Amino acid sequence: MKKILVGTTKGLVIFEQKATAWKIAKVHFMGLPVSLVYVDERTNTWWAGLAHRHWGQKLHYSTDEGQKWHSVPMPKYPKDAEVKLGKRATLKKIWSMSHAGFDKPGELWMGTEPGGLFHSADNGQSFHLVESLWNHPSRIDENQWFGAGRDFPFIHSIAVNPRNSDHVYIAVSCAGVFETKDGGKSWNPRNKGLIAAYLPNPHVEVGHDPHLMLVCQSNPDVIWQQNHCGIFRSEDAALSWENVTDSSGIADYGFALAIDHQNPERAWVIPAVSDEVRVAHDLALCVCRTEDGGKTWQPLRNGLPQEFCFDIVFRHALANKNEILVFGSTTGNLFLSQDAGEHWQCLSSNLARIDYVALA
Amino acid sequence: MAKISFTSALKRFFPDLKEELHLPGTKVSEIMTHLEKQYPGLTDYLVDEDGSLRKHINIFVDGQLIHDRQNLSDSIKENDEILIFQALSGG
């Protein structure tokens, strides 16, 4: 890992390691809200989504690590696509991107609000709505797909099975997890075992609120999600979910999640006080790690501030590679650990709100 | 021909954008079509994908805010002055 890409509300900030210290090397899109950062590991292409207040959503990419940026036409919903009866769907926000597999060069997936999944077959030069998901009966029913903290549902997680690129999972707030095994031609909900405590029937098939979902690359049957209603893990490729929330501790509500792709038993979350308050627990920053598939969670605080922390860590603001973890918070703090969370150092406490962190 | 002027903020994204343009058209929507031809991608900054004016963009025709933000059907007369600004949102 050579660079940390930090998407903030005031630009894309690039940190580089110089000698032993990490320093800011460059700021791209100065003053503009960077709402998505994605590094396509196949080609080391950097993608940046901008959420202009005035000019709408924009998407840019760089093939030379930010020396030059190019813009692409924005994905468009078909003219007859309705987000609900009588209301035309238009792009509100790009939430997530993923390459479509090493055996599918040039193909990309994109998750958006209001609930549209897009696919590109030409390296992002054009995107097309995946109609099979858009027309899924559950999406058309407003009682099953709905907004959470936003006006409309949004697709924030896309995970391609490393053993079969036609096998893709997505996660939607609010709707839940959906799976395709035929490259996107058909989709099925995969939410058995999840809890939707905010609904009259917490065990609905669709209507769940995963905050982030990740698939273990060395064992893709193991899938994790930080959910609005706790932490869940599957060992059977999302056919069922087990609640691994720490009922006696703080690893419960939150947004961010990282998993060890070589060890399906290990994961990290950054807890927050419930949806009504949304601050760090006891106003003290803490990362929780499990080494046993979520049976127990260990709080990690060494190097993290423990007084008057109002920080929240959003769903895409925690990234990891090997033993390195980096997270950024709503108050512009950026923290790094190089030993799997045992010790932390603050790289900056003066950034704008951090929405996205990626490693390159 | 109508005279078109822009907020300077757009120069950041379209460095070649002239401060003043003269374009034909009898409706605001026709002006948009000509703008897109001269500066591909520019109208995406001004209108939503359904063709309506973006929420935080204002267009003035001879000093008056246009009425039809949805279809941009406001009439343009010869020598009208059209100003394209961003709204003062956010204080």
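This is a predicted model: local features need pLDDT of at least 70, side-chain atom pairs count only at pLDDT 80 or more; totals for chains, interfaces and linings use all residues.
Local features were taken at pLDDT of at least 70 and side-chain atom pairs at pLDDT 80 or more, whereas totals for chains, interfaces and linings use all residues. Residues are numbered from 1 along each chain as its sequence is written, chains are lettered from A in the order in which they are written, and side-chain values use heavy atoms, without hydrogens and water.

A:S96 belongs to strand β10 (residues 93–99) of chain A, strands being DSSP runs of E of at least two residues, numbered from the N terminus. Beyond neighbours within four places in sequence, the contacts of A:S96 (heavy atoms within 4.5 Å) include A:L36, A:W109, A:H156 and A:Y356.

Over all chains, 20 salt bridges are present, each defined as a side-chain nitrogen of Lys or Arg within 4 Å of a carboxyl oxygen of Asp or Glu. One of them joins A:K104 and A:D166 at 2.5 Å (N to O). This pair links the loop between β10 and β11 (108–113) to strand β15 (residues 164–173) of chain A, 62 residues apart. A:K104 is buried at 15% relative accessible area, while A:D166 is partly exposed at 30%.

In chain B, B:E81 and B:K3 meet at 3.5 Å (N to O).

Conventions
Helices (H or I, at least four residues) and strands (E, at least two) are DSSP runs, numbered from the N terminus. Buried means under 20% relative accessible area, exposed over 50%, partly exposed in between (1.4 Å probe, protein chains only).
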